[in-house]
Amino acid sequence: MGKAFSRQVSRLNTIHGKTYQEMASDCDFARSVTWFNKMRWEEIENPPEPGLFPAMAKALQVSERRVAEMVAEQWCGVRPDDTVPERLRSLVAVLRGVGVDDLPVIEQMAQALSDKSTAEFDVERLSERVTELEEGEEPYTRENLEGLQLRAVP
């Protein structure tokens with residue numbers, strides 16, 4: 001099982017530049033700067049008590065439910081829904097609060113980002129294919145171009 005709680009502390013610190021001091025301050029120092037530092041390096045053996053979940057949610061920029069899920073995963077080895085990829089768990093928790101009328105907008109945005117990712121993958125794949133051509137081989141022959149077909153985007 002994963003270290004979801006520690007990964008969230010690490011992600012906030014490393015990727016988003018949030019310091020342990022800021023995390024401790026955001027939870028009104030219910031946990032110390034040292035505690036967050038040790039959490040990041042997976043040196044904390046006992047989970048925060050449920051009474052601290054609201055403060056932890058604020059410090060970790062996730063919902064209280066997500067804090068509970070991360071605690072369950074890291075310390076109990078239990079995931080609430082194994083079918084949701086780890087990278088989407090925080091997003092799913094946020095989406096639970098979205099109104100029904102706003103869902104189409106989020107679906108359109110997610111589809112656009114997915115299409116962008118697919119296009120980037122295709123460009124990378126085609127670039128690799130062009131560079132794989134034997135030295136001196138013309139990349140724009142009909143035969144080579146027919147081998148470089150893109151997926152159709154709806």
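Tutor: Buried means under 20% relative accessible area, exposed means over 50%, and partly exposed lies in between (1.4 Å probe, protein chains only). The model here is predicted, so local features need pLDDT of at least 70 and side-chain atom pairs pLDDT 80 or more, while totals for chains, interfaces and linings use all residues. Residues are numbered from 1 along each chain as its sequence is written, and side-chain values use heavy atoms, without hydrogens and water.

Student: Why is lysine 18 called buried?

Tutor: Its relative accessibility is 7%. That value is under 20%, so lysine 18 counts as buried.

Student: Where does lysine 18 lie, and what is in contact with it?

Tutor: Lysine 18 is in the loop between helix 1 and helix 2, a helix being a DSSP run (H or I) of at least four residues, numbered from the N terminus. Contact means heavy atoms within 4.5 Å. Apart from neighbours within four places in sequence, lysine 18 is in contact with Leu12, Asn13, Met23, Asp26, Lys58, Ala59 and Gln61. Lysine 18 and alanine 59 are 41 residues apart along the chain, and 9.6 Å separates their C-alpha atoms.

Student: How many helices and strands does the protein have?

Tutor: Eight helices and zero strands, where a strand would be an E run of at least two residues. From the N terminus on, the order is α-α-α-α-α-α-α-α. The protein has 154 residues, and 29% of them count as buried.

Student: What makes helix 4 mostly covered?

Tutor: Helix 4 is residues 53-60, and six of its eight residues are buried. These are Phe53, Ala55, Met56, Ala57, Ala59 and Leu60. Their cover includes helix 1, helix 2 (20-26), helix 3 (33-40) and helix 5.

Student: Is glutamine 61 buried or exposed?

Tutor: Exposed: its relative accessible area is 52%, which is over 50%. Aspartate 28 also has a positive phi, about 55°, although it is not a glycine. Aspartate 28 sits in the loop between helix 2 and helix 3, and its 63% relative accessible area makes it exposed.

Student: Which residues does phenylalanine 29 touch?

Tutor: Phenylalanine 29 lies in the loop between helix 2 and helix 3. Not counting residues up to four places away in sequence, phenylalanine 29 touches Gln21 and Ala24. Phenylalanine 29 and alanine 55 are 26 residues apart in sequence, with 8.8 Å from C-alpha to C-alpha.

Student: How do you know that the length of helix 5 agrees with its number of residues?

Tutor: The expected span is 1.5 Å times one less than the number of residues. The 13 residues of helix 5 should therefore span 18 Å, and the end C-alpha atoms are 17 Å apart, which agrees. Just after helix 5, glycine 77 has a positive phi of about 70°.

Student: Why is glutamate 69 called buried?

Tutor: Glutamate 69 has a relative accessible area of 8%, which is under 20%, so it is buried. It lies in helix 5. Leaving aside neighbours within four places, glutamate 69 is in contact with Val78, Pro80 and Arg96. The buried residues of helix 5, Glu69 among them, pack against helix 1, helix 3, helix 4 and helix 6.

Student: What makes a space a pocket?

Tutor: On a 1 Å grid over the protein atoms alone, a pocket is an open set of points where a 1.4 Å probe fits, with protein on both sides within 12 Å along at least five of seven lines; lining residues have an atom within 4 Å of a point. The largest pocket holds about 230 Å³, the space filled by probe spheres set on the points, which are joined across faces, edges and corners. Helix 1 (4-14), helix 5 (64-76) and helix 6 (89-95) are the elements giving two or more residues to its lining. Helix 1 gives the most, with four residues. Among the lining residues are Ala4, Arg7, Met70 and Leu91.
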